[in-house]
Amino acid sequence: MVTNKMEYILIKCPKCGICVGTNNRAKRARCPRCYTEILIQTSPVQMHCHAVQENNKHKLQPQEQRESPGQQQRNTSLRSMFGLWRSSGNGSPKASATAAVASPSSNMIMPNLRDPIIPMEPKQGKRALICGVSYKKQKYKLKGTIIDAYKMKDFLEYQYGFPEHSIKILAEEEDHPERMPTRKNMEEGLKWLVEGCKPGDSLVFFFSGHGLRQPDFNEDEIDGWDETLCPVDFTTNGMILDNDINIMIVRPLIKGVTLHAIIDACHSGTVLDLEHVYSQKENRWLDNRPPSGARKSTSGGRAICFSACHDDQMAADTSAFSKKGMSGAMTHCFIHAIENNPNLTYYDLLTTMHENITQAYAARCLSTQIMDKLLHRTFLQEPQLSSSEIFDVHRERFEL
């Protein structure tokens, strides 16, 4: 008899050997280290998350037959999955391999239930859109964004229990045209993210790529500039303006729905056009409502955005956090902070990200800092928090 209950298992990547978490209904998984796609073949064997019975040789044992208390159990930790950063800026998650995981003789390894990094049980109402744009074969290519995207996917799955089927990824390494981060696909993805949302839903929008600014002609920006996100085809089909992003994913949020946007791009401080921006220096919320009086609010829900920098700042795609390759500074610091302390408040998270980025810059080699002074280059990237409503950032815990 095969169990229909969704349970979690760990499978061993056939390429690099690390353990990958998934569930017994999944058809495939992606290794977070080498990005090999693992095809999962299940067989009519009952799978449990609490023990591996060493002498169960491809047979279903009767209910009354049990393993002896001395059975061995192979345990592992998923924490290494998050400490591993990109090995190469040109890495491509296209490799494919097959792993039979249903029987003890295969590469299935059961986790220690006390391990805090075991994937959470998927909850209803969790949905995420992840966009990683590298602009490959173009002069403004970014090397860290694709890895950022898949890192965020793994992070959402294992840290916050987002079901794999509820996460949509748009990246140039994906095989199908509809999964490319074009303007059309990104706008359709944003609409998909909020479509049919219900009270209690938790939505996430993650973008890693270029961000730009252009003059505001609607008089709804305090600084006179519209912030934009750049799809892979932005030179031919245009950018996505903050006004449009607000209309597509902020305005439809009904009461009880929460959206978190995590934007790792230049000039991204108010890219969702949310009405309140938190100032760390002044320790208070600043009014960001448009001078024109245009509506920028939700329909009763809540939208919160973590941005890589202020509207007039640049965001770094850097190797400062790893000798193995490039990464978005904001993405790395965001994930790293929560892994180290899952109980952070919004203020703690924002402060920790800022401190880590500042320390990474200060730790650069002396010759690089001298060149910055000679060329009058400045490093200024301050992560920013904005929201559709005011709340106590010192007391409210960050949760997705």
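At 35% relative accessibility, Asp223 counts as partly exposed; buried means under 20% relative accessible area, exposed over 50%, and partly exposed in between, using a 1.4 Å probe and protein chains only. Keep in mind that this is a predicted model, in which local features need pLDDT of at least 70, side-chain atom pairs count only at pLDDT 80 or more, and totals for chains, interfaces and linings use all residues. Residues are numbered from 1 along each chain as its sequence is written, and side-chain values use heavy atoms, leaving out hydrogens and water.

**Charged pairs**

What does the side chain of Asp223 meet in a salt bridge? Its partner is Arg213, at 3.1 Å from N to O. A salt bridge here is a side-chain nitrogen of Lys or Arg within 4 Å of a carboxyl oxygen of Asp or Glu. Asp223 lies in the loop between strand 10 (211–215) and strand 11 (225–229), and Arg213 lies in strand 10, so the pair ties together parts that are ten residues apart in sequence. Helices (H or I, at least four residues) and strands (E, at least two) are DSSP runs, numbered from the N terminus.

Glu389 and Arg302 also join their side chains in a salt bridge, at 3.0 Å from N to O. This pair links distant parts of the chain: Glu389 sits in the segment after strand 19 (384–387) and Arg302 in strand 16 (residues 302–307), 87 residues apart. A further salt bridge connects Arg397 and Glu399, with 3.5 Å between the closest N and O atoms. Salt bridges that share partners also join Lys153, Glu157 and Glu164 into one network. A search of the whole structure finds 13 salt bridges.

Here is how some of these residues score for accessibility:

| Residue | Relative accessible area | Class |
|---|---|---|
| Arg213 | 24% | partly exposed |
| Glu389 | 30% | partly exposed |
| Arg302 | 15% | buried |
| Arg397 | 42% | partly exposed |
| Glu399 | 34% | partly exposed |

**An enclosed helix**

Now turn to helix 6 (residues 329–340), which has twelve residues. Ten of these twelve are buried, so helix 6 is largely enclosed by the rest of the structure. Among the buried residues are Met330, His332, Phe334 and Glu339.

**The whole protein**

Stepping back, the protein has eight helices and 19 strands. Of its 400 residues, 53% count as buried.

Methods: Expected span 1.5 Å × (residues − 1).
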